[in-house]
Amino acid sequence: MTVVRRTESHLRGVDGLALFRRAWLPEEPRHALVVVHGYAEHSGRYDGFGAWFAARGFAVHAYDQRGHGRSRGRRCYVRAFREFLDDLDCFLEIVREEHSEMPITLVGHSMGGLITAAYLVDRRPPIHSAATSGAGLALREDISRLRMKMALVLRHLLPRLSMGRPLDADGLSRDPEVVKAYLEDPLVSRGMTTSLAAELLGAVPQTAARAADVAVPLLLLHGEEDPLCPVEGSRAFFDGVAIAGSGLRVYPKLRHEIFNEPEREQVYQDILDWLNGLPS
């Protein structure tokens, strides 16, 4: 049986902000995964994912994004979307130093999926591959133009103002224990600042339009019953990706957090099979 070692530490973001990180490490890793979590959550919610892949020879690394979880910074706030990309730059540099001879795959969920896609097209990192889960690559139909304009105006007047309601936890998973744990998690944030809202509203269409710039194999995964991030975003983005080995998998009945659905291990296995089928 593979022994999985869990570690916790900190790193510095591009502006010196203290960011919390954790890892799930096997004795002899053969491949590294870097997890980019979603809005309002944190890296600790990926313990099942990290342990599963570590038990199969993957060194899994994750960090709490600025303003999230155990990292510093005002809750759910950024001055500019590029701060997320800059922090990912810093984290990837550390992971490369720790696994200098190993392929690295990015895995981004929800807002982290948007950040992963934006990072691929904007920074074109020298990595092996990437995968997204429920990526925020399209705006929901209930986000009206008026709400968008309000967010853009308010971000200049009151950029740190908390706006909006918490995520609908029932849309995360069909597993009631997952919903309960999310609602009781003290590290889950309950509101979004106007600055973050405006930055995300701008980043979604800008990133979605650049799928052709993806330069590494990309696997897009999405639950068909995802009420938070429309599955159409992943479908449309995949249609624009031209790199061999890329793929799209849409799971009937699954909601937003496919890594936390009852079928989670099948999703994990699909990622593993895809990675095993790519050139090393």
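Predicted model: local features only at pLDDT ≥ 70, side-chain atom pairs only at ≥ 80, totals over all residues.
Local features need pLDDT of at least 70, side-chain atom pairs count only at pLDDT 80 or more, and totals for chains, interfaces and linings use all residues. Residues are numbered from 1 along each chain as its sequence is written, and side-chain values use heavy atoms, with hydrogens and water left out.

**Helix pair**

The axes of H3 and H6 come within 10 Å and cross at roughly 50 degrees. Axes here are lines fitted to C-alpha atoms over the stretch in contact, with angles from 0 to 180 degrees between N-to-C directions. Helices are DSSP runs of H or I, at least four residues; strands are runs of E, at least two.

The table lists the residues that make the contact (heavy atoms within 4.5 Å).

| Helix | Range | Contact residues |
|---|---|---|
| H3 | residues 111–123 | Met111, Leu114, Ala117, Ala118 |
| H6 | residues 194–208 | Leu196, Leu200, Ala203, Val204, Thr207 |

**Nonpolar cores**

A nonpolar core joins buried Ala, Val, Leu, Ile, Met, Phe, Trp, Tyr and Cys residues through side-chain atoms within 4.5 Å; buried means under 20% relative accessible area, with a 1.4 Å probe and protein chains only. The largest has 52 residues. Phe81, Leu88, Leu106, Leu196 and Phe237 have the most contacts inside it. H3 gives the largest share of this core, 8 residues.

Leaving aside neighbours within four places in sequence, Phe81 contacts Leu114, Ile115, Ala118, Glu199, Leu200 and Ala203. Another core, of 27 residues, lies apart from the largest one. Its members include Ala51, Tyr251, Phe259 and Ile271.

Note on methods:
Buried < 20%, exposed > 50% of the residue type's maximum accessible area, 1.4 Å probe, protein only.
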